[in-house]
Amino acid sequence: MEIKPIVELKNLSKTIGKKKIIDQLDLSLYPGQITGFLGPNGAGKTTTIRMMAGLMKPTTGDVIIDGLSLRSNFELGISKMGAIVENPELYKFMSGYKNLVHFARMHHNVTKKRIDEVIRQVGMEKRIHEKVSTYSLGMRQRLGLAQALLNNPKFLILDEPTNGLDPAGIREFRTYLRKIAEEDGVSVLVSSHLLSEIELMCDRIAVIQNGKLVAIREVNAIEESQYYIEVQPVDKARSLLSDKGIIVENYQDGLLINVEQSAIPTIVEQLVKQNIAIYAVSHHRKTLEEQFLEMTGGGQVVESNSK
Amino acid sequence: MLNLIRNEWMKLWHKKATWVMVILLIAMIIGLVGLTKWMDRNTETPPWEQSITEELTMVKQQLTASDLSNETKSNLEEQQMLLQYRLDERVAPISGQGFEGFMMESYGMSSIITLLTVIVAAGIVASEFSQGTIKMLLARPVRRWKILTSKFLTVVAFALFLTVISYVVSLIMGMIFYDALGGSLLEVVNGQVIEESYWLKSIWLNVLALGDVIITASFAFAIGTVFRSSSLAIGIAIFLMFTGTQFSFLLRNYEVAKYILFSHTFTQIETGGSFIEGISTPFSVAVLVVYFAFFLAISYWTFTRRDVTA
C-alpha cells in the first residue's frame, strides 16, 4: 500500500515583481518522516516555508495539507500545521504561559491540559510564568517549539530550530523530533544551515536552488559502502587493489575503496603480506556538506550563518 | 471571534503604556477640575434672570435683520421661545458652576481620549509587524479578516472603556467638588417647550464624542495597517486632528469644504452645527460614515492580501 503524503506542494510558483522566486516546485512530505530542507542563500527556502505556513499566497499552484488545499480550505488545512518561521518571535511583554494561552485560543480544541503537557515536553515548567523578555535565545526556541506543538500538528515546519540551543538541548530536541515523527506519525520539515545537524536529524533531504527542486534523497541511501585506508606506500597498494577489481580512488593520504564490510579482513591480510604498512582503516561516509556541494554545483555559496 | 478579542485585550493590558494612559487620563480629569475650581473661586455670577433677559434682547435684535435665511430665522425664533418661557415660568437654566453643568461638559475629555485611542489604534497592527510576531499570529487556522476585525473591535472597546472611565471619574469629582444648583434643560419639540434630563444629555454627548474618537481612531488604524509603522500613524493622525479643522475652516467658503472629514463631527449635532453654512445633520453623518468605511476598507484590503515578509 502506498503511503499518502501529508503535505503536497503542487506546481508551486511565486513571482515577486518580475522575479520568479519559486518555479513550479513539486514536493511531497510523508508521515513519520523528517525532511531536511536545504539550499544556498536566496534559493527560495524561506519563501517556500512561508507559503506552506499561509503567510504568503502562491502566484500559481497550491499547498495541500492532509488533503486540504490552502487555497480553498485555508482554516482547516492550516489547523493541521505547526510552525516556527525563522526566529520564534513571541510577545516579550507577556509570560511564556500567557503566550501559549494566546496561541491556544486561536486553535480549536486546545485545552489547558494540552498547554501543560506541551510545557512539560519542552522542559519549560520552571520558568514558564516569567516574562519572555527575560528568556535566553534557547528558552525562546523551546517556547517556539511549544507553540508549534499546541494543536498536535500532523505537519511541523521548523526553520532554524536549533539556533541558540546548547548541545544538550540540541540532542534532546533531536530525540524529541524522532519520537513525535515515529510515534505520532508527524511529518517534519527542517530547514537549517547546519548541515551536520540536518544529517543527524533527517531521513531525507530536499535541496532547492534558484526556486527549483534539484535533488531529493534518502539520507541512508546515499550512504555508500566506502572504506578509507591509510597505507604506505600508496602506489603499491593502489595497483595491488585495482588488480583485484576493486574501485580505488586517492583520498587525502590514503585510498578510498568500494568494498563490502566482510571483505575488509582479507584485504588487510593481503596488504600486510605485501609489506604495506597500514595506519588506519575506517568506514568512510561522504559528509552531507560534500553531497550538498555536489548537488548544488559546488561553486554556490552555502547558506552561511548570517541571516 | 470572542477569543481573538480576548487575546488582543490581554496583549493590550500587558503593555505598561496602556496603564500609563489610563492613569494619565484620570490624573488630567482631576487636575482640570482642581484648576477650574481654583480659577473660579472668586467669580461672582449674576442672577440668572439678568443674563437671560440680556440674551433675549439680543435674540430679538437679531430677528429684526432683514436678510435672514429661513433656517437661521426659525433657530432664533426657537431660542426666543425658550428664553421667554424661562422668564415666564421662572425656570432657571443649568449653571456651569453647578454639578449639572459640570456633568454636561464631561464629554470635553474626548480630545484626550482621542489622543490615547489613536496611540493604541496605530500600534495594534503595526506593532505585530515590528515585533515580528505577525508570523506567529497569521500562521494559524484563522482567516486574516477575523484577526483584523478583532483588532479593530479591541480599539473600539478601548475607546469605550476610556469614555466610561472618564465619565465615572467626572461623576465622582463632580460629586465631591460641585453642588447641585438645580436648573433645567429646555428644548422645543413640535412647538412645545419640554424639559430634558441633564443625565441623558450628558451621556448622549459622551456617546457622540465616542463616535468622533472612533472615526479618528479608524484613520490611525488604517495608516498603521497600511504602512506598518505606528509612529507614522500616530504622527499623521494627531497632526491632522489639530490642523484638520483649521484647514477646512480656511476652505469654508468653498464647496469642497463640505466633503472634508474635519468639517464634521458627531458632537456638533448637539452643540450647534458645523462652521460651514447649510450642512444638515444627515449629511454630516453620511460624510463621517463614508470616511469611516473607506478607512476600514483600505485596512482590510491591504491586511488580507499582504505577503508577510517581516
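Where in chain A is the place of Pro233(A)? Pro233(A) sits in the loop between β11 (226-232) and α8 (234-243) of chain A. This is a predicted model: local features need pLDDT of at least 70, side-chain atom pairs count only at pLDDT 80 or more, and totals for chains, interfaces and linings use all residues. Residues are numbered from 1 along each chain as its sequence is written, chains are lettered from A and ligands numbered from 1 in the order in which they are written, and side-chain values use heavy atoms, with hydrogens and water left out.

**Domains of chain A**

- The domain assignment of chain A gives domain 1 (7-218) and domain 2 (226-284).
- Such bounds come from an automatic or database domain assignment.
- Between the C-alpha centres of domain 1 and domain 2 of chain A there are 45 Å.

**Annotated spans of chain B**

- An unreviewed UniProt entry annotates "transmembrane region" at residues 20-39, 107-131, 152-178, 198-224, 231-251 and 283-303 of chain B.
- UniProt positions are given in the numbering used here, feature names are shortened, and annotations may be inferred rather than shown by experiment.
- Residues 107-131 of chain B are 88% helix and 0% strand, and their end C-alpha atoms lie 35 Å apart.
- Residues 152-178 of chain B are 96% helix and 0% strand, with end C-alpha atoms 38 Å apart.
- Helices (H or I, at least four residues) and strands (E, at least two) are DSSP runs, numbered from the N terminus.

**Salt bridges**

- Side chains of opposite charge can pair when their charged atoms come close.
- A salt bridge here is a side-chain nitrogen of Lys or Arg within 4 Å of a carboxyl oxygen of Asp or Glu.
- Over all chains, the structure holds 22 salt bridges.
- One of them joins Lys154(A) and Asp66(A), whose closest N and O atoms are 3.0 Å apart.
- That pair links distant parts of the chain, 88 residues apart: Lys154(A) is in the loop between α5 (137-149) and β7 (155-159) of chain A, and Asp66(A) is in the loop between β4 (60-65) and β5 (68-69) of chain A.
- Lys154(A) is partly exposed at 36% relative accessible area, and Asp66(A) is partly exposed at 22%.
- For these words, buried means under 20% relative accessible area, exposed over 50%, and partly exposed in between (1.4 Å probe, protein chains only).
- Arg114(A) and Glu117(A) also form a salt bridge, at 2.7 Å from N to O.
- Both residues, Arg114(A) and Glu117(A), lie in helix α4 (residues 112-121) of chain A, three residues apart, about one turn of the helix.
- Arg114(A) counts as buried at 9% relative accessibility, whereas Glu117(A) is partly exposed at 30%.
- In chain B, Lys11(B) and Glu128(B) meet in a salt bridge at 2.7 Å, N to O.
- This pair links distant parts of the chain, 117 residues apart, with Lys11(B) in helix α1 (residues 2-13) and Glu128(B) in helix α6 (residues 110-131) of chain B.
- Lys11(B) and Glu128(B) are both buried.
- A network of salt bridges links Arg50(A), Glu86(A), Glu89(A) and Lys135(B).

**Backbone features of chain A**

- Most residues other than glycine have a negative phi, and most peptide bonds are trans.
- Gln232(A) and Pro233(A) are joined by a cis peptide bond, with omega about -5°.
- Glu86(A), a member of the salt-bridge network, has a positive phi near 55°.
- Glu86(A) lies in the loop between β6 (81-84) and α3 (96-104) of chain A.
- Asn275(A) has a positive phi of about 60°.
- Asn275(A) is in the loop between α9 (264-273) and β14 (277-284) of chain A, and is exposed at 68% relative accessible area.
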